[in-house]
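Okay, everyone, thanks for coming. Let me put the structure up, and then I'll talk you through it.

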Amino acid sequence: QVQLVESGGGLVQAGGSLALSCAASGRTLSMSPVAWFRQAPGKEREFVAGITWSANTYYADFVKGRFTISRDNAKNTVYLQMNSLKSEDTAVYYCAAGPLYRTPGSDPNQYPDWGQGTQVTVSS
């Protein structure tokens, strides 16, 4: 099992930026797909972005061109750079690690390991 800890959330004005980090311990993330999900109050958890072991990236349509997912295997960390933030981006953001070598999918049930989440609030 891998332990994941998100950080970097906070309050930001619409149009601003935040950078989230997902630090792993217990095992390396290098062979795992990692995804960012988010969940707003009263809504289902939704896929935001994913990255494979080979650094191929995948994005939900609502963040394309604004968010960038990346990974630094030497630091065992995955990042989510969020630019041009909108009020509708307000949510708790979670990172999750999936099965080795698999493409990161949008189904939360595919991910056995989750972080505790970090709150992102975008003011209008």
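This is a predicted model: local features need pLDDT of at least 70, side-chain atom pairs count only at pLDDT 80 or more; totals for chains, interfaces and linings use all residues.

With that, what does the protein chain have? There are 0 helices and 11 strands.

Now the overall shape. A compact globule of 124 residues would have a radius of gyration near 14 Å, and the protein chain comes in at 13 Å, so the two agree. If you like boxes, the C-alpha atoms fill one of roughly 40 × 25 × 25 Å along the principal axes. Of the 124 residues, 43% are buried. Take the contacts between residues at least 6 apart in sequence, and 60% of those join residues at least 24 apart.

The protein chain exposes about 6,100 Å², with carbon and sulfur atoms supplying 49% of that. For charges, we've got 10 positive and 9 negative side chains, and the centres of the two sets sit 4 Å apart.

Let me finish on one residue, Leu11, which sits in strand β2, residues 10-13. Is Leu11 buried or exposed? Its relative accessibility is 65%, and the cut-off for exposed is over 50%, so Leu11 counts as exposed. Leaving out residues up to four places away in sequence, Leu11 touches Thr121 and Ser123. Asp113, on the other hand, is 102 residues from Leu11 in sequence and 26 Å from Leu11 in space, C-alpha to C-alpha.

Technical notes:
Residues are numbered from 1 along each chain as its sequence is written. Side-chain values use heavy atoms; hydrogens and water are left out. Helices (H or I, at least four residues) and strands (E, at least two) are DSSP runs, numbered from the N terminus. The radius of gyration is taken over C-alpha atoms; the globule rule is 2.2 Å times the number of residues to the power 0.38. Buried means under 20% relative accessible area, exposed over 50%, partly exposed in between (1.4 Å probe, protein chains only). Contact means heavy atoms within 4.5 Å. Accessible areas come from the Shrake-Rupley method with a 1.4 Å probe; for residues, only the protein chains shown count as cover. Lys and Arg count as positive and Asp and Glu as negative; His and the chain ends are not counted. The place of a charge is taken as NZ of Lys, CZ of Arg, CG of Asp or CD of Glu.
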